[in-house]
Amino acid sequence: LAAALAASETEIDWPDGETAQAFRQRTEGMWRRVSAGDRSVVLVSHGGIIRSLLAGPVASPAPALIAPASVIELARTGVGWAIASTSEAAKEDRFE
């Protein structure tokens, strides 16, 4: 488990917890609901959900590390979503 987390793997089945597939289905269902319509949305989340969305329905390369208090702005494209901008915290390779 520790090696998978250190490698930023997204397909982790947590012992006595949610499977990676269940987590992905939950986050993708949430994304469909909040991204429906033509309105701005602020989503506050932990990095696991953000990485799952970037690897799935948003289909945009994620920063190597999503640091605490990062801001990642997404914008609609013709066929989906893309990262429009990221805060400096999201670009950090490590914490100081």
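Modeller: Before we start, one cut-off: a residue counts as buried under 20% relative accessible area, as exposed over 50%, and as partly exposed in between. Keep in mind, too, that this is a predicted model.

Biologist: Happy to! Then what makes Glu-18 partly exposed?

Modeller: Its relative accessible area is 29%. That value lies between 20% and 50%, so Glu-18 is called partly exposed.

Biologist: Why is the meeting of the Arg-26 and Glu-18 side chains called a salt bridge?

Modeller: The term asks for a side-chain nitrogen of Lys or Arg within 4 Å of a carboxyl oxygen of Asp or Glu. Here the N to O distance is 2.9 Å, so the pair qualifies. A search of the whole structure finds 1 salt bridge.

Biologist: Let's move to Ser-35, in helix α2 (residues 20-35). How do you know whether Ser-35 is buried or exposed?

Modeller: Its relative accessible area is 13%, which is under 20%, so Ser-35 is buried.

Biologist: What does the side chain of Ser-35 reach?

Modeller: The backbone oxygen of Trp-31, at 2.6 Å. The limit for a polar contact is 3.5 Å, so the distance is within it.

Biologist: Which residues does Ser-35 touch, leaving out those up to four places away in sequence?

Modeller: Arg-76 and Trp-81. Those two also stand opposite each other, with Trp-81 in β2.

Biologist: What makes β1 and β2 a pair of strands?

Modeller: Pairing needs at least two bridges, and strand β1 (residues 72-76) and strand β2 (residues 81-86) have 5, so they pair, in the antiparallel sense. With 4 residues between them, they form a hairpin.

Biologist: Which elements do the buried residues of α3 pack against?

Modeller: They pack against α2, β1 and β2. The buried residues of helix α3 (residues 47-55) are Gly-47, Gly-48, Ile-49, Ser-52, Leu-53 and Leu-54.

Biologist: How do the elements of the chain run from the N terminus on?

Modeller: The order is α-α-α-β-β-α, with 4 helices and 2 strands in the chain.

Biologist: And how much of the chain counts as buried?

Modeller: Of its 96 residues, 26%. The accessible surface comes to about 6,600 Å², and 55% of that belongs to carbon and sulfur atoms.

Methods:
Residues are numbered from 1 along each chain as its sequence is written. This is a predicted model: local features need pLDDT of at least 70, side-chain atom pairs count only at pLDDT 80 or more; totals for chains, interfaces and linings use all residues. Side-chain values use heavy atoms; hydrogens and water are left out. Buried means under 20% relative accessible area, exposed over 50%, partly exposed in between (1.4 Å probe, protein chains only). A polar contact is a pair of N or O atoms within 3.5 Å; within protein, one must be able to donate a hydrogen and the other to accept it, and residues adjacent in sequence count only if both atoms are side-chain atoms. Contact means heavy atoms within 4.5 Å. Accessible areas come from the Shrake-Rupley method with a 1.4 Å probe; for residues, only the protein chains shown count as cover.
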